[in-house]
Amino acid sequence: MSADYHVQDGVAVITLNNPPVNGLGLATRTAAVDGLRRAAADPAVRAIVVTGAGKAFSGGADIREFNSPKALTEPTLHTLIRTVEDSPKPVVAAIHTVCMGGGLELALGAHYRVALPGAQVALPEVKLGLLPGAGGTQRLPRVLGLEKALDMIVSGTPAKSESLAGTLLFDALLPAGSELVAGAVDFANEIAERRPLPKVRDLAVEHADAHAFLAAARAKVKAAAGPFPAPPACVEAVAAAVDKPFEEGLLFERDLFLQLTTTTESKALRHAFFAERAASKVADVPADTPVRPVARAAVVGAGTMGSGIAMNFANAGIPVTILETSQDALDKGLGAIRRNYEATVKKGKLAPEQLEGRLAFVQGTLDIADIAQADIVVEAVFEDLAVKEDVFRRLDAAMKPGAILASNTSTLDLDRIAGFTARPQDVIGLHFFSPANVMKLLEIVRGAATGKDVLATALALAKTLRKTGVVSGVCDGFIGNRMIEQYLRQAGFLLDEGALPAQVDRAMERFGFAMGPFRMADLAGNDIGWAIRKRKRAQDPGLQYSQTADLLCERGRFGQKTGAGWYDYAAGDRAPHPSVAVEEMIVRHSADLGIARRAIDDAEIVERLVYALVNEGAKILEDGIAQRASDIDMVYLAGYGFPLFRGGPMFYADTVGLPAVLAAIERFAGGYRGDAWVPAPLLVRLAGEGRGFGG
Ligand code: NAD
């Protein structure tokens, strides 16, 4: 049963019932249409109330039916709304809690709408690269007026029902706390005999100068939308509500909707939406796996990462204690946290009166006994196995039984770290990204012995901390940094061959990356990569890198923090200025290698760097380090500034076509440093089978 039916005081009450948010799936639509027909045929029924069970009126389309033929099976949402609107007896939508997307479109088909205060009202389709395709763009402007409706449709932002009181959207707003169905039934009885039945479609769109407004809106929305086609399409659909008769407007909306479903940019948004949901699921960790309570947290190390990580806990209202080795280091870390919050207040993102409250969640200590009772401790000390060993041995001795021992290591072997304790089941990697209080990505590193409840707790904690948690197996660099290494290697080889940093960055930024590789390296600090390369070369002397990055570091050009890196920086300014000295260094290095520098076009730069990610991603998938291709996409979207409209590296490779990706890789394998290109067996196989990473 996905809609309930009963008659109360001569009014048929149809209650959508499809948890969690009464998504309008096929079974729910069928039951609702059946209810409407039954009510029409029953002489004892004078009017009809449609409402939703539980925590929503309706959240709209059932996302489980996305991309499934069920969405197009009769009765479609259009048919349901038409049945409501054409009902010979008045239909009252009784709205509470959540009324979004198709749910709002359904309510707009009703003759009357009554609501409780506090209901979230929205048409959020634009966030999935779509527009409301069941009349929303035609009906909402008729009840809210052109400007308000356009704003809601283009932004997808929810409005509270009480903020829309007095508009034609609601015929009545019931007092808070009142019984919605009883109120709606009373309302239905009051209007039961009124004819003709009011229909939103019969209203005109109100605006003093609609065409001037729409012209301005077109320009503004187009500029803000960048590569995304949905927001401008929303404007056109709303314009049709002004310019076309209702039925024509509906057809126009439908056409635009169908066009949007086929664009790559819109598919990429839906891919990212589903990828984020999928990432929180682990095949052998069922949803009902018990989680450990996390009410108190600790962080070891108050450096760059430790202070940012502590802020995450404070922001979530979880008290956190930071352990350091010296008062000096502790004061520095706590000072950085205070300054960070003060800056947040200055930006207007934190109320001044909340500042001290937020800081009160963060304590510092030099005594490990003070953190022993924490439910979770996140280690963020120097990236040195000996230092980590000492810390984990001491944590093992001090922490209460059942505490989760997490490491923020970027490159070290989590299983070895777990081996320093007598409780490897309690050890997990929580790899935050810098700045840790800002970046959305949290790589959750599952060690060989990590307990399923510990993994489930980490996934739940990611949500509490408002992070995108993605599970990675143990390998050097985990998902994100293992792939970025190949990307950066290619960036370096391009310099040897003829490119300059600004050209490479420009090509990648035009492709859509938030930042090209050399600007990114200057931000992160070139010394970090230098140290990693030294360690790797000690393990594998044959490993090939462009030496340009080492030459840069030998000159002390560590990046923004030293005022010079791949670029020059003016004091107090993050704007990169191409450096003549660095360009000379690069050109001389090519000469030393005996390379005649060549012109390299932007398309090759993009292919070399992005396919390096794709090829390594395929290996990561095949090794089982990532559970699914979409997890890799999530890592790159949430942590590395990969362009959202391209959906992540693996999704992007599918849109290019794997045979074309493979052909390019084989071509590169015949070029400079071609031995860096060993096509991933999975890529070769999928390309041969005419398949993609997404199936
Ligand atoms: P950092 O040098 O800024 O901070 C390390 C802090 O740990 C210092 O304040 C130091 O005093 C403290 N410390 C050292 N030994 C300690 C001990 N025994 N007990 C308590 N405190 C101790 O380093 P960071 O950049 O914050 O990196 C910390 C960890 O996070 C490393 O494992 C690093 O690989 C990882 N990481 C760094 C980044 C980044 O971008 N910086 C990103 C992700 C992960």
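A residue is called buried when its relative accessible area is under 20%, exposed when this area is over 50%, and partly exposed in between. The model shown is predicted.

**Exercise 1.** Determine whether Arg46 and Glu193 are buried, partly exposed or exposed, and describe the contact between their side chains.

*Solution.* 
Step 1. Glu193 has a relative accessible area of 56%, so the residue is exposed.
Step 2. Arg46 has a relative accessibility of 34% and therefore counts as partly exposed.
Step 3. The two side chains, of Arg46 and Glu193, form a salt bridge with an N to O distance of 3.0 Å.
Step 4. This pair connects distant parts of the chain: Arg46 belongs to the loop between α1 and β3, Glu193 to the loop between α6 and α7, and 147 residues separate them.

**Exercise 2.** Examine the salt bridge between Arg139 and Glu85, and state where each partner lies.

*Solution.* 
Step 1. The side chains of Arg139 and Glu85 meet at 3.1 Å, N to O, in a salt bridge.
Step 2. Helix α4 contains Arg139 and helix α2 contains Glu85, so the pair ties together parts that are 54 residues apart in sequence.
Step 3. The relative accessible area of Glu85 is 1%, so this residue is buried. Arg139, at 3% relative accessibility, also counts as buried.
Step 4. Both residues belong to a network of salt bridges that links Arg82, Glu85, Arg139, Arg201 and Glu247.
Step 5. Turning to the helix of Glu85, one finds that the buried residues of α2 (residues 77-85) are Leu77, Leu80, Ile81, Thr83, Val84 and Glu85. The elements against which they pack are α1, β4, α3 and α4.

**Exercise 3.** Classify Asp453 and Arg292 by accessibility and locate both residues in the chain.

*Solution.* 
Step 1. The side chains of Asp453 and Arg292 meet in a salt bridge of 3.0 Å, N to O.
Step 2. Asp453 lies in helix α16 (residues 452-464), while Arg292 lies in the loop between α10 and β10, 161 residues apart.
Step 3. Asp453 has 24% relative accessibility and therefore counts as partly exposed. Arg292 has 18% and therefore counts as buried.
Step 4. By the distance rule for salt bridges, the count for the model comes to 38.

**Exercise 4.** Give the strand order of the open sheet of 8 strands and name its edge strands.

*Solution.* 
Step 1. The order is β12-β11-β10-β13-β14-β15-β16-β17, and the pairing is mixed.
Step 2. β12 (362-365) and β17 (468-472) each pair on one side only; they are the edge strands.
Step 3. On average, neighbouring strands of this sheet are turned by 25 degrees against each other, direction ignored.
Step 4. Strands of a sheet pair through backbone hydrogen bonds, either parallel or antiparallel. β10 and β13 (residues 376-379) run parallel and are joined by 4 bridges. In β13, Glu379 is the bridge partner of Val300.

Note on methods
Residues are numbered from 1 along each chain as its sequence is written. This is a predicted model: local features need pLDDT of at least 70, side-chain atom pairs count only at pLDDT 80 or more; totals for chains, interfaces and linings use all residues. Side-chain values use heavy atoms; hydrogens and water are left out. Buried means under 20% relative accessible area, exposed over 50%, partly exposed in between (1.4 Å probe, protein chains only). Helices (H or I, at least four residues) and strands (E, at least two) are DSSP runs, numbered from the N terminus. Contact means heavy atoms within 4.5 Å. A salt bridge is a side-chain nitrogen of Lys or Arg within 4 Å of a carboxyl oxygen of Asp or Glu. Two strands pair if DSSP finds at least two bridges between them. Axes are lines fitted to C-alpha atoms, for helices over the stretch in contact, and angles run from 0 to 180 degrees between N-to-C directions.
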